[in-house]
Amino acid sequence: MKRMISPKDARLKQNQIKSNKKDKKGREELEVRNVPQASSALFFAYNTQLGPPFYVIVDTNFINFSIQNKLDVFQSMMDCLYAKCIPCITDCVMGELEKLGPKFRVALRIAKDPRFERLPCMHKAQVLYCGNM
């Protein structure tokens, strides 16, 4: 059984002409706007409360990606932010890593490092991970 082309198919000439007209209208609207590039150094000029040492909340994915990419968590944070960083990990993230089992034991060992600051969670005990709320 042969299939028929839908009348709204983009391969038909009539529909190509219609889509080209829509694209031209969209391009004209995009070309009108011109926003000057602001310096990234001004971020700290407006946000005077930010300053080293930075406290970074770390979750399971962050630790797993650092292991996959063979990056040291502490050194990579310092390289990224150009300042002293204190990684913080919540109790529910530790619970999630423990629950994931032996596949994530390397991540659990990294998370149990004494350089990580532990943060208690203030939610109900039945929720395993804050991200699931």
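Predicted model: local features only at pLDDT ≥ 70, side-chain atom pairs only at ≥ 80, totals over all residues.
A residue counts as partly exposed when its relative accessible area lies between the buried limit of under 20% and the exposed limit of over 50%. Aspartate 91, at 34%, is therefore partly exposed.

**Salt bridges**
- The structure contains two salt bridges.
- One of them joins arginine 118 to aspartate 91, with 2.9 Å between the closest N and O atoms.
- This pair connects distant parts of the chain, 27 residues apart: arginine 118 belongs to strand E3 (residues 117–119) and aspartate 91 to helix H5 (residues 91–100).
- Arginine 118 has a relative accessibility of 45% and so also counts as partly exposed.
- Aspartate 113 and arginine 115 also form a salt bridge through their side chains, at 3.1 Å from N to O.

**Strands E1 and E2**
- Strand E1 (residues 54–57) and strand E2 (residues 85–90) run parallel and are joined by four bridges.
- Within this pairing, tyrosine 55 has isoleucine 86 of E2 as its bridge partner.
- In a regular strand, side chains alternate between the two faces of the sheet.

**Asparagine 64**
- Asparagine 64 lies in helix H3 (residues 60–68).
- Its relative accessible area of 15% falls under the 20% limit, so asparagine 64 is buried.
- Apart from neighbours within four places in sequence, asparagine 64 contacts Phe104 and Ala107.

Methods
Residues numbered from 1 in each chain as written. Heavy atoms only, no water. Helix = DSSP H or I, 4+ residues; strand = E, 2+ residues; numbered from the N terminus. Buried < 20%, exposed > 50% of the residue type's maximum accessible area, 1.4 Å probe, protein only. Contact = heavy atoms within 4.5 Å. Salt bridge = Lys/Arg side-chain N within 4 Å of Asp/Glu carboxyl O. Pairing = 2+ DSSP bridges.
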